[in-house]
Amino acid sequence: DGATPALNAALGSHFALTAAGNRTIGIPSNPTDMQIIAIEHKASGADRTLALNTGTGGFAYTDNVTALTATLSGKTDKILCEYNATANKWFVIAYTKGLTI
């Protein structure tokens, strides 16, 4: 947990964060074309907001997922992203809210 968690896509495809504050996921390093990663965001102590860095090489929303909303305290949201090397973006392809994990 930290203000800007760093993800290294070469280390795996599933990343879990228990957030004690609002966070912004940094641009994942070492992506490969068509790689899929899952981000599990659990809110600890209160509702928490997760933002995704949309800079060069970062995340991009789609028509299906246009934004993230606050994760409720004690709940977990999952974000699924796929990297496109041509676009140099991690496209958010699925978003599930309110899981009890």
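**View 1. Asn88 in the loop between strand 6 and strand 7.** Asn88 is not a glycine, yet its phi is positive, about 55°. Strands here are DSSP runs (E, at least two residues), numbered from the N terminus. The model is predicted: local features need pLDDT of at least 70 and side-chain atom pairs count only at pLDDT 80 or more, while totals for chains, interfaces and linings use all residues. Residues are numbered from 1 along each chain as its sequence is written, and side-chain values use heavy atoms, with hydrogens and water left out.

**View 2. Met34 in the loop between strand 2 (23-25) and strand 3.** Met34 is exposed, with a relative accessible area of 58%. Its phi is near 70°, a positive value in a residue other than glycine.

**View 3. Ala60 in strand 5 (residues 59-60).** Ala60 is buried, at 15% relative accessible area. Beyond residues up to four places away in sequence, Ala60 touches Lys89, Trp90, Phe91 and Val92 (contact means heavy atoms within 4.5 Å). Ala87 is 27 residues from Ala60 in sequence, and their C-alpha atoms are 9.7 Å apart.

**View 4. The largest nonpolar core, with 18 residues.** Such a core is a set of buried Ala, Val, Leu, Ile, Met, Phe, Trp, Tyr and Cys residues joined through side-chain atoms within 4.5 Å. Ile25, Ile37, Leu52, Phe59, Ile79, Cys81 and Trp90 touch the most other members. Elements giving two or more residues to this core include strand 1 (14-19), strand 3 (36-43) and strand 7 (89-99).

Methods:
Buried means under 20% relative accessible area, exposed over 50%, partly exposed in between (1.4 Å probe, protein chains only). Helices (H or I, at least four residues) and strands (E, at least two) are DSSP runs, numbered from the N terminus.
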